[in-house]
Amino acid sequence: MIKTIGSFLFFLTIACVFSVGKQRKHLPEYVWTSPPSIVNCISKEDMNPKIFDNAVKFWEDHGHTFLFKENYLGDICESETPYGFIIIKISYNLDYNVLGSTEKIYRKSTSEMKGSIIHLNYFYIYDGLILTHEIGHALGYEHVETIGHIMNPMRPDADYYFY
C-alpha cells in the first residue's frame with residue numbers, strides 16, 4: 001500500500017513539474033455538433049467584407065470549420081432563431097460602451113449550440129478584433145481572464161492570441 005501511494009505521489013510530482021508554465025487550452029463551454037454556417041448581414045457600405053473574412057479565418061486557423069461563409073443580405077438575416085447559423089448584424093440599440101453582444105441559441109440539457117446572432121455596435125463595426133471575439137462567443141467560448149487571449153473581455157488587453 002505504501003509503495004502504491006509512493007508511486008502515485010512520484011508521478012503526480014512529475015506531472016506537476018512538467019505542467020508548470022504551460023498554457024491552458026481553453027475549450028468551448030457550448031458545442032456545435034455539426035459545423036455552423038456563418039453569414040455577415042452587414043452591408044459592404046457599412047463594414048468592409050475583409051473584416052468578416054479575417055475574423056472567420058482566425059477561427060478556421062484555430063481548428064473551427066464552417067459549413068459555408070458569406071456576405072449576404074437575405075431572409076436568414078431577419079431570423080430570430082437561425083438554427084445552424086451564426087449571423088452577424090449591425091446594432092443601433094447597444095450602449096456606446098457595449099462593443100458587441102452575442103445571443104446563443106442552445107439546448108440547455110446538453111449545452112449543444114443550435115444557432116447564434118452577433119450584434120455589433122455600429123460605432124465599432126470597423127474593428128475586426130471585436131467581431132473575432134464575438135464569433136468566439138457564437139462558437140461557444142466564454143470570457144477568460146488570460147491577458148492577451150482573444151476571449152478576454154478587457155478590450156485594451158485583448159490581442160489575437162488564442163491558447
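**From fold pattern to surface patch**

Along the sequence, the chain runs α-β-β-α-β-β-β-β-α. That comes to three helices and six strands. Both kinds of element are DSSP runs numbered from the N terminus: helices are H or I with at least four residues, strands are E with at least two. The model is predicted, so local features need pLDDT of at least 70 and side-chain atom pairs count only at pLDDT 80 or more, while totals for chains, interfaces and linings use all residues. Residues are numbered from 1 along each chain as its sequence is written, and side-chain values use heavy atoms, with hydrogens and water left out.

Start with the chain as a whole. Of its 163 residues, 42% are buried. Buried means under 20% relative accessible area, exposed means over 50%, and partly exposed lies in between (1.4 Å probe, protein chains only). Take contacts between residues at least 6 apart in sequence: 65% of them join residues at least 24 apart. A contact here is heavy atoms within 4.5 Å.

Now the interior. Nonpolar side chains tend to be buried together in soluble globular proteins. The largest nonpolar core has 29 residues. Such a core is a set of buried Ala, Val, Leu, Ile, Met, Phe, Trp, Tyr and Cys residues joined through side-chain atoms within 4.5 Å. Trp59, Leu120, Leu131 and Ile135 have the most contacts inside it. Helix 2 (49–61), strand 4 (85–91), strand 6 and helix 3 each give two or more residues to this core. Helix 2 supplies the largest share, six residues. A second, separate core has seven residues, including Val39, Cys41, Phe85 and Ile87.

Neighbours within four places in sequence aside, Ile135 contacts Ile38, Ala55, Val56, Trp59, Phe66 and Ile118.

Next, the hairpin. Strand 5 (residues 100–107) pairs with strand 6 in the antiparallel sense, over eight bridges. Pairing requires at least two DSSP bridges between the strands. Gly100 stands opposite Leu120 in strand 6. Four residues separate the two strands, and Ser111 in the turn has a positive phi of about 60°.

Phe123 lies in the loop between strand 6 (112–121) and helix 3 (128–138). Phe123 is partly exposed, at 36% relative accessible area. With Tyr92, Tyr96 and Tyr122, Phe123 forms a nonpolar surface patch of about 450 Å² of accessible area together. Patch residues have over 30% relative accessible area and no salt bridge; nonpolar side chains (Val, Leu, Ile, Met, Phe, Trp, Tyr) are joined within 5 Å, like charges within 9 Å. A salt bridge puts a side-chain nitrogen of Lys or Arg within 4 Å of a carboxyl oxygen of Asp or Glu. Accessible areas come from the Shrake-Rupley method with a 1.4 Å probe; for residues, only the protein chains shown count as cover.
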